[in-house]
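Have the chain open while you read.

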Amino acid sequence: MSISKHPEMLFKDLSGKELSHIAQASSDISFVLDDSGSIQGIYSDNQDLSKIIPDDLIGKKWLEVVEPDSRKKVQRLLDDASTDNISKFRQINMYGNEENIALPIMCASIKTSSNKKIIVIGRDLRETSKLQQNLFSAQKEISQNYLHINQLEERFRSIFEVGTESIIIVKADDEYPIVEINTNAMKQLLIAKNHCIGKSFLSLMPANEFKKVNAFFQETLEMGEPRVLDASTVSNKSIQISATSFTNDRKPYLLLNLKPANSTALDGLFEPDSLTVKAIENNAYGFIVCTPEGLILKANKAFIKLSNKKSEQDLIGTPIQMYLGSDKTEFDEMMQSLKGKASAQSCVSSIGNNRGGIKLVDISAVSVAQPRPCVGMIFRQVDSRETSGKRIDKKLVRSSQELSMLVGKVPLKDILSETTDLIEQLCIKAALDLTKDNRVSASEILGLSRQSLYIKLRKYNLVDSYKDID
């Protein structure tokens, strides 16, 4: 069946009354305008809509009774009015009877060939507008709820990390994989976060504890009440496990709280209020506590600055080797000698950062076996100008072996600059010794002006050491 593209053929036999009924059915409101756009007549069979339309529109220009944002569209409707085709439908917001209430109407225009009037037909969009407003309100509420959920999650994570408890969340299936773990639990179990998320909690227990821990978890899930179990880890450390079950997205989980079986053994070790921790935290030298394998458990402010990290959280669980220079042989030998026994060792290495800078450091390390195996390290930055206020001694001269040890750890230009400064200091010291601290004679021996000698004395902080006896 073909669709007719000539409506005049379809409506040619209809009476005027019938055409009027069709016009009423196809629109909610109609405007008759003259060529200048002034309203000549208004017709609407919609009683609710008629009540909202102002009574004084006759004789006014259509452009003057619409919202400012609709005036360009009204002009387009007037310009597009044609005797051949109906214009494109555009939404127009007209002024209503009540203040601050706009009347949304979807309008199209056509020009009559008989009297050259412009006929505008409109469809009431109030219900559609309400639906759009409801949709916008719902989207706004969803966005606010989403923001609120994010804020709650951030608070949860802050409490999860800041609290003094050792907390682990595991999924309740056959393997009990770890979903979340806080810093205190990582320190207690001597594991790194990137090594344990998704890992089975049972793998942290010795083989002879599997059956007991698994039965304990099953009972907690079945009873739905908090329970406590004494167990031991693979490192033979006795712990107490408190377990509580909960459901998320219809899936069961277990919230575990780990405590040392002998709570006094570790009392105050990493407590923020501990005097020992406060002293270490504010020490001028870098300090860390790590596992025997080198995974960082604790770091003070000086080491955070030395490694160019933003916070301690960025360091915890990462291997200390990743912050050292390219030559780690001496450090690795030191770590190997510390394993399995309580002893102290030291070595010289370098600390690199993400900006390409390298700092030479002297590392002193001590291993501790009780109450749990760990290694404490102090990082002292080596500065070539540690001679402030002192006379230069010949012992400061580096041997060729010492200089060769710096290659690969310190840039060549820094080695050359340090060596040049050291030679210059020694020459100035020798000249002053020969001339019995006479700066005029010393400058002549060195081939320098007196002013240049003064500048170099100030550069190397030797002004207080040599009195001006000239």
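Let's start with Asp80, which is found in helix 4 (residues 71-80); helices here are DSSP runs of H or I with at least four residues, strands are runs of E with at least two, and both are numbered from the N terminus. At 29% relative accessibility, Asp80 counts as partly exposed, where buried means under 20% relative accessible area, exposed means over 50% and partly exposed is in between (1.4 Å probe, protein chains only). If you skip its neighbours within four places in sequence, Asp80 is in contact with Ser87, Arg90 and Ser109, contact being heavy atoms within 4.5 Å. Ser109 sits 29 residues from Asp80 in sequence, yet their C-alpha atoms are 7.4 Å apart in space.

A word on ground rules: this is a predicted model, so local features need pLDDT of at least 70 and side-chain atom pairs count only at pLDDT 80 or more, while totals for chains, interfaces and linings use all residues. Residues are numbered from 1 along each chain as its sequence is written, and side-chain values use heavy atoms, with hydrogens and water left out.

Another pair to look at is Ser350 and Gly325, which are 25 residues apart in sequence and 5.1 Å apart in space, C-alpha to C-alpha. Ser350 belongs to strand 13 (residues 344-352) and is buried, with a relative accessible area of 0%.

Tyr176 has a phi near 50°, a positive value in a residue other than glycine. You'll find Tyr176 in the loop between strand 6 (166-171) and strand 7 (178-181), and it is buried at 1% relative accessible area. Asn308 also isn't a glycine, but has a positive phi of about 60°. Its place is the loop between helix 9 (301-306) and helix 10 (329-338), where Asn308 counts as partly exposed at 26% relative accessibility.

On to helix packing. Two packed helices are described by the angle between their axes and the distance between the axes. Axes are lines fitted to C-alpha atoms, for helices over the stretch in contact, and angles run from 0 to 180 degrees between N-to-C directions.

| Helix pair | Angle | Axis distance |
|---|---|---|
| Helix 12 (residues 412-434) and helix 13 (residues 439-446) | about 130° | 8 Å |
| Helix 13 and helix 14 | about 100° | 9 Å |

That makes helix 13 roughly perpendicular to helix 14, whereas helix 12 and helix 13 are oblique to each other. The cut-offs are under 35 degrees for roughly parallel, over 145 for roughly antiparallel, 65 to 115 for roughly perpendicular, and oblique for the rest.

Which residues meet between helix 12 and helix 13? Cys427, Ile428, Ala431 and Leu432 come from helix 12, and Arg439, Ala442 and Leu446 from helix 13. This contact divides into 6 nonpolar, no polar and 1 charged; Ala, Val, Leu, Ile, Met, Phe, Trp, Tyr, Cys and Pro count as nonpolar, Asp, Glu, Lys and Arg as charged, and the others, Gly among them, as polar.

On the helix 14 side, Arg439, Val440, Ala442, Ser443 and Leu446 of helix 13 meet Arg450, Leu453, Tyr454 and Leu457.

Helix 13 has Arg439, Ala442 and Ser443 buried. They cover an arc of only 100° around the axis, which puts them on the same side of helix 13; the arc is that of the directions from the helix axis to the C-beta atoms. These buried residues pack against helix 12 and helix 14 (450-459), while the face turned away from the buried side carries the exposed Glu444 and Ile445.
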